[in-house]
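Reader: I've got the sequence and the model open side by side. Could you walk me through them?

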Amino acid sequence: MKLSLTKVVNGCRLGKIKNLGKAGDRTMDIPSCLLYTKTGSAPHLTHQTLHTIHGLPAMAQLTLSSLAEHHEALAEYKEGIGKFIGMPELLLYCSLHDPVSPCPAGYVTNKSVSVWGLGGRVEMTASKFMAIQQALQPDWFQCLSDGEVNCEEATSIKRARKSVDRSLLFLDNCLRLQEESEVLRRSAIIGVIEGGDVMEERLRSARETAKRPVGGFLLDGFQGNPATQETRLHLLSSVTAELPEDKPRLICGVSRPDEVLECIERGVDLFESFFPYQVTERGCALTFSFDYQPNPEETLLQQNGIQEEIKYVDQTKKIKTTSCNQEMTSFEINLKEKKYQEDFDPLVRGCSCYCCKNHTRAYIHHLLVTNELLAGVLLMMHNFEHYFGFFHSIREALKSDRLAQLKELIRRQAS
Amino acid sequence: SWVRLCEECSRSRARAGELRLPPGPGATPVFMPVGTQATMKGITAEQLDALGCRICLGNTYHLGLRPGPELIQKAHGLHGFMNWPHNLLTDSGGFQMVSLVSLSEVTEEGVRFRSPYDGDETLLSPEKSVEIQNALGSDIIMQLDDVVSSTVTGPRVEEAMYRSIRWLDRCIAAHQRPDKQNLFAIIQGGLDADLRTTCLEEMTKRDVPGFAIGGLSGGESKGQFWRMVALSTSRLPKDKPRYLMGVGYATDLVVCVALGCDMFDCVFPTRTARFGSALVPTGNLQLKKKQYEKDFRPIDNDCACPTCQKHSRAFLHALLHSDNTAALHHLTVHNIAYQLQLMSAVRASIVEKRFPDFVRDFMGTMYGDPTLCPTWATEALASVGITLS
């Protein structure tokens, strides 16, 4: 694979990754997001409903936590996870964990890492891990790594150092095992940058990992509570500065639109798309605008609209907190609210998704109130399409040097 | 007349025809999937259309409570609300009397329900039921009938039968849109041949566009079941469609087509899908079971549905053991496809004058040996001139 940068603006990288896939003929834009999946399928969506979504990413994220327990069947299948899940047309990246599920601590040793599936814990040494990857045959996979330091509140320097040491050891072991397997050589290993909140360790992790023949880098442990966000963003800039320009930088656990932009400004290329899934699960629809260059009249109208939406959000924040909607952001609307009962508008006017072209807010409200499965299907279709549209607008903004406008627009809508 | 009979099987009572309804035509015999609350559970209108479905069901009792007829009317009827471009049939709410019996009380006035959602009491009268269905705008609407479980015996059955006739007349009188919506009568009478015959005689005197055979498909024995179906079809006019309510198992569908029924509905195929069961010509596959873990074949090699085109039993097995609802949707799509493909094949065999052979093939696949076919089915088929061996 080959990453070529079209331009770099204020730390933001715009470009393409070429020669991807088993036949080496696929291309991926950056910055971009990966399609979030659970057990190899987009949440709620079959192949049919998935492919009505416009702007689908070129690459999907699989999670080892959901697939490890099926590795025997996959090994017998022989033809790889892409064909098994019915997504041979997508590039595949296999991460260790599911970004949505919490990470139980205390299970990483010097020799093994555990992932948590629905069937329980799967413990993996480097050789078991590589055997599983051999059965999966993804295009890229996150290397076995010690990310537990990130689950804890405060990292001691000792623990941060250990996470780096262990991860490098796992990486070297896995690279060695990869060399011994023709099948595994067709996948690219993504090296994982660890080190907790300790700058020295982060830099060491970056420099050392960059020395290895990895296909790209995963920036682990930069998600977390807003209190320590500024420190983490500073760490992030320092880390990406140490990484080679011509390899992709992925980040895990960051998916909110405002946080995505912050990370792009600090040299990150690829993101997970679990945020639209979380929005779906709470019965909400993404409505935030990413139209950074409307005509001036529209801007005024939209500003007023957003102003009102934000005012309403502030007023009802208290109510939302007590009704357990604390995690809801101001990027979305809650379709369960009574005010949508007779609202015959689409979720977002002008949205080209299947849901907005065919259904109304009133219908979605009804489906949610009656606990119908179709609510999740339609909301997922809309939320994915809206989110992928956002990433498209990021690339367009970078192309035309308008990222500052987009950033300001998003900032205004963030709660 | 808006049902056109294309072909009649010269042996049995099977017929092929076409419903001509405002949204568009629909072939019969037909299986109608059930979309109780203005949605087919988990699948989009586009998916349902792509499977070839041209008529499905909504339920007056549920929709009458949530979201209510006024809202649906504002949304341009049930078609507009759920964005379904083809035909819709609504049940009157009568069946809920049986299924939600602890919450209901029947009088001559109507059925008094206590809402399970807010405890409020509602009276569903024949007039109210038709009023709601008029607002819903479904193409075929059902009379409110006094439904008694088929396992009930004694005077209650007779009372319910006569009341259903009176309620039919009240529904006809209350119906505001006979030019756009077709009101069907529902034959009651339980498992009593005399009562059912009386009901048939009376209801067929009324000028309704179609007849449903009700009060069956409960806990009765299959032997009683088919005899009541056969009795009903023998006394229903040939030039109007016969809708057998609540019938959905493949064998039952095939036998009842032979007995002269045209339309069917049942929650079974879609409900069993959500429990991980896939319908196949030999019965069903419980895909959650370990034996499918490494079975890389599709559910059915001959099935043209999207699930079978793209996915293996092994993948569905894995997905069913996850918390991704997509697993349920894959099976719902397949099971609906199975039912619709079955009816399509039945219809083709009638039109091509080889329905008895089709029945023999079907039973052979399903049961292996003709002698292993359930006795009731063998008897029912024999009664209309189809022998299995």
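Reader: Which residues touch the most other members of the largest nonpolar core?
Author: Quick note before that: this is a predicted model, where local features need pLDDT of at least 70, side-chain atom pairs count only at pLDDT 80 or more, and totals for chains, interfaces and linings use all residues. Residues are numbered from 1 along each chain as its sequence is written, chains are lettered from A and ligands numbered from 1 in the order written, and side-chain values use heavy atoms, leaving out hydrogens and water. A nonpolar core is a set of buried Ala, Val, Leu, Ile, Met, Phe, Trp, Tyr and Cys residues joined through side-chain atoms within 4.5 Å, with buried meaning under 20% relative accessible area (1.4 Å probe, protein chains only). The largest such core has 177 residues, and those touching the most other members are Trp140(A) and Ile394(A).

Reader: Which helix gives the most to this core?
Author: Helices here are DSSP runs of H or I, at least four residues, and strands are runs of E, at least two, numbered from the N terminus. With 15 residues, the top contributor is helix α15 (residues 373-399) of chain A.

Reader: Why does this core lie between two domains of chain B?
Author: Domain bounds come from an automatic or database domain assignment. Both of the domains give residues to the core, so it lies between domain 1 (3-265) and domain 2 (273-353) of chain B.

Reader: And how many residues are in the second, separate core?
Author: Val229(B), Ala230(B), Met343(B) and Ala380(B) are included in it. The count for this second core is 58 residues.

Reader: What is the radius of gyration of chain B?
Author: Chain B has 16 helices and 16 strands. The globule rule (2.2 Å times the number of residues to the power 0.38, with the radius taken over C-alpha atoms) gives 21 Å for 389 residues, and chain B comes close to that, so it is as compact as a globular protein of that length. Its radius of gyration is 21 Å.

Reader: Is helix α10 of chain B buried or exposed?
Author: The helix covers residues 250-258, including Asp252(B) and Cys256(B), which are buried. With 9 of the 9 residues counted that way, it is largely enclosed by the rest of the structure, so the word is buried.

Reader: What order do the strands of the open sheet in chain A have?
Author: Strands pair if DSSP finds at least two bridges between them, and 7 bridges join β1(A) to β2 (residues 12-20) of chain A. The pairing in this sheet of 3 strands is antiparallel, and the order is β1-β2-β3.

Methods:
Buried means under 20% relative accessible area, exposed over 50%, partly exposed in between (1.4 Å probe, protein chains only).
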